[in-house]
Amino acid sequence: MDYGHPIRFGTFLAPVAADPQRPVRLAQLSEQLGYDLATFQDHPYQPAFLDTWTLMSYVAAATSTIEVAPNVLNLPMRPAPVTAQAAASLDLLSGGRFSLGLGAGGFWDAMEAMGAKRLTPGEAVDALAEGIELIRELWDTDSRVRVRGGVHYSVDGAKRGPAPAHRVPIWVGAYKPRMLRLTGRLADGWLPSLAYMKPGDLQAGNARIDDSATAAGRRPDEVVRLLNISGRESAEELTALALEDGMSTFIVGNDDPRLLESFAAEIIPQVRGVVASARSQRGTSAPGRPTAALTARRPGIAYDEIPSSLREGAVEPGDFEYRSVRSNYLRGGAPGLVLRPHTIAEVSDAVGFARNHADLPLGVRSGGHGISGRSTNDGRIVIDLRALADIEVLDEASRRVRIGPGARWTEVSRALEPHGWALSSGDHGGVGVGGLGTAGGVGFLGREHGLTIDRLVAADVVLADGSVVRASATENAELFWALRGAGGNVGIAVSLEFEAVPVRDIGWVQLAFDASDTAGFVRGFADAMRAAPRDVTLFVILAPSRSGQPPIAQVYGVVDSDDPDVILERLQPFAALAPLVGQSVQLASYADVMANASDAAHSGQGEPAFRSGLIGPIDDAAAEAIAALVRSRSSLWFQLRAVGGAIADVPSGDTAYAFRDAELSVTAIGRGSTFDRLWDQLAAHFDGLYLSFESRTDPALLVQAFPPATLARLREVKRQYDPEGLFRDNFAVGTATAAEDEAA
């Protein structure tokens, strides 16, 4: 029986304390010789041995590629909840290079002397099974720990540790029938030692594991077969063990560096070569996805038709990586497939696959921050561009840079900092370039240097038919026009070229005001912002009174000057708006200001209801409408962003982002009848809508986002570049006829 698993080799090293660096050196030698893993005994009651966890951690830090594992961990001496956190931690620290070999214990007299409770053979099996299930549940950060008062582990109220970097395989060192059945039911691998096996034991063990796996709804090939060997076996013996007994990982238990070297040079290449040749002749294929992963697939998606170029990076609901790609920054999602292309050609392949599923919604994600929520979905397809994140300076003189859509603005600002450049880019470093660079980009340098799209000079775009075209003022000019403000409608920007602006150190401003007169504060802020020099761009978050405290206005943003006197002078009109209750003004680089995003995977939950609007000069009625909404506490978050200035310098017809005369961008999160009523009253004062801050999907919103002439022009571009409407899940403009546009 050959299960088709990759042929791998490892070393089984004694953790001797007499020369503590020796096992470390042997692990490093194993890595240099090309072994796949280094494993270590775990006998904590043995005074001649180093602690195995400490040693594995040390070895992981002293190596860079080799996998590290216990062979096998004495679980009765190491409680499962602690083991789960230790394993996840070591896997994270080693970059996903840890595997967990487990055993039910032995040498009970020595173990009892160290405080372990003696278990009968049946109890040991049950304890190991309970421990494996608990460890896996503690690693699964997407679910709750279901085990409450277990027989062997009580974890009521236990706190989760970190999730590991990859799906850590659990191997079981087992020989007896009940342990073998447990292995088939729960484990990822079987790890016996050849020295303890009698003729026929491997075949019998495999049969028990296979039967148990099948009974549990698993395929037998979901259990990898590993084997501890002496290292003195011939290549013919190991080849037979692989092709006839299903063993695929051979672990050499020998601390002699000369034997390890000769084995690596002579035996390993022979075994791999003969097995590969035999498998080719027999047509043996590698195991596919686990049964549980196949069961998690969603209807309507032809998973087996995923292009070969995308299969390695594709993530399905049953995959370990799914938890890190299912959601965006704020919204929870459950897509049926996330495609992660690494090249422009692979993006074209992904679009082709999506085109073959044109009946399914398609989300396109760059950084995954998008608060409109459209970069994830439920049960459908997402194209994730995070791997396209290169940042390249094309021309120093013109400050021209090329940036991949998956780069985040914290990365861009840091890359441009040594040149003394920046690009206005929202207020959160975790936002992806692709989304902001095609939708608008209301940022901290906006009043001085315009929207992010105003610095865009060219882009390479994958169209709905999979072709790649260049868009600029002179190449596909209408596409370039639409890309700046409605890019999600016309294609996927896979490379964006910007002209950066020179930026020195800036004034980073954070002020807090008593906004008891909320309407008065809003009017004053709008007036002060309108009168301020263009090097001032400030935003404000308004919060209602709570716990007897007054309403608070948090003002934050940038004064583009490195002169403290100039910064303070610019802020004087704002400081006079209301009583200050907190203040911080400091010199910082733009990169430091944008370094406000975590590298952790997005884990949004629910579906926050965002609303958006663009408003011109604030009059008393508009200010009172804002104050009423804030006072109602029906809005969880309310923000005003300064626009105007350089943003208004661009004629409204030059880009698909058309409402250039607005002075403030308004954003709120809220839900319920009170919020809806008060928002509608405020919306009566709006002059437009910024789609990136809007989570509603009502097509009627299009007439608020685009003036009639702009919408008609967008629809003509849509008819030309996406006539079938593949890109329809990001405020689709549709393909209404010219007559319908004229009537509108």
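Phe 731 is buried, as its relative accessible area is 8%; here buried means under 20% relative accessible area, exposed means over 50%, and partly exposed lies in between (1.4 Å probe, protein chains only). You will find Phe 731 in the loop between α25 (708–721) and α26 (738–743). Helices (H or I, at least four residues) and strands (E, at least two) are DSSP runs, numbered from the N terminus. The phi of Phe 731 is near 55°, a positive value in a residue other than glycine. Most residues other than glycine have a negative phi, and most peptide bonds are trans.

Before going on, please keep in mind that this is a predicted model, in which local features need pLDDT of at least 70 and side-chain atom pairs count only at pLDDT 80 or more, while totals for chains, interfaces and linings use all residues. Residues are numbered from 1 along each chain as its sequence is written, and side-chain values use heavy atoms, with hydrogens and water left out.

Ser 547 also has a positive phi, about 50°, although it is not a glycine. Ser 547 sits in the loop between β21 (536–543) and β22 (552–559), and with a relative accessible area of 75% it is exposed. Another backbone feature is the cis peptide bond that joins Asn 71 and Val 72, with omega at about -5°. Val 72 belongs to the loop between β3 (67–70) and β4 (73–74).

Now step back to the whole chain. It has 26 helices and 26 strands, and its C-alpha atoms fill a box of roughly 90 × 60 × 55 Å along the principal axes. Of its 744 residues, 55% count as buried. The accessible surface is about 30,100 Å², and 51% of this belongs to carbon and sulfur atoms; such areas come from the Shrake-Rupley method with a 1.4 Å probe, and for residues only the protein chains shown count as cover. Among contacts with a separation of 6 or more, 73% are between residues 24 or more positions apart, where contact means heavy atoms within 4.5 Å.

Two residues show what such contacts look like. Gly 131 is in helix α5 (residues 121–139) and is buried, at 0% relative accessibility. Beyond residues up to four places away in sequence, Gly 131 touches Leu 75, Ala 80 and Tyr 153. Gln 704, in helix α24 (residues 702–705), is partly exposed, with a relative accessible area of 35%. Leaving aside neighbours within four places in sequence, Gln 704 is in contact with Phe 659, Gly 688 and Leu 689. Gln 704 and Phe 659 are 45 residues apart in sequence, and their C-alpha atoms are 9.8 Å apart in space.

Next come the charges. The chain carries 69 positive and 91 negative charges, and their mean positions are 5 Å apart. Lys and Arg count as positive and Asp and Glu as negative, while His and the chain ends are not counted; the place of a charge is taken as NZ of Lys, CZ of Arg, CG of Asp or CD of Glu. Side chains of opposite charge can pair when their charged atoms come close. A salt bridge is a side-chain nitrogen of Lys or Arg within 4 Å of a carboxyl oxygen of Asp or Glu, and the count comes to 44 salt bridges.

One of them joins Arg 641 and Asp 427, at 2.9 Å from N to O. Arg 641 lies in strand β25 (residues 635–642) and Asp 427 in the loop between β15 (421–422) and α15 (433–439), so this pair ties together parts 214 residues apart in sequence. Both Arg 641 and Asp 427 are buried.

Asp 319 and Arg 289 meet in another salt bridge, at 2.4 Å from N to O. Asp 319 is in the loop between α11 (308–311) and α12 (322–325), and Arg 289 is in the loop between α9 (257–282) and α10 (291–295), 30 residues apart. Asp 319 is buried, with a relative accessible area of 16%, whereas Arg 289 is partly exposed at 23%. Elsewhere, salt bridges link Glu 392, Arg 400, Arg 402, Asp 460, Arg 470, Glu 475 and Glu 497 in a network.

The tour ends on the surface, where Asp 505, Asp 562, Asp 563, Asp 565 and Glu 569 gather in a patch of negative charge. Patches are made of residues with over 30% relative accessible area and no salt bridge; like charges are joined within 9 Å, and nonpolar side chains (Val, Leu, Ile, Met, Phe, Trp, Tyr) within 5 Å. Asp 565 belongs to helix α19 (residues 564–575) and counts as exposed, at 59% relative accessibility.
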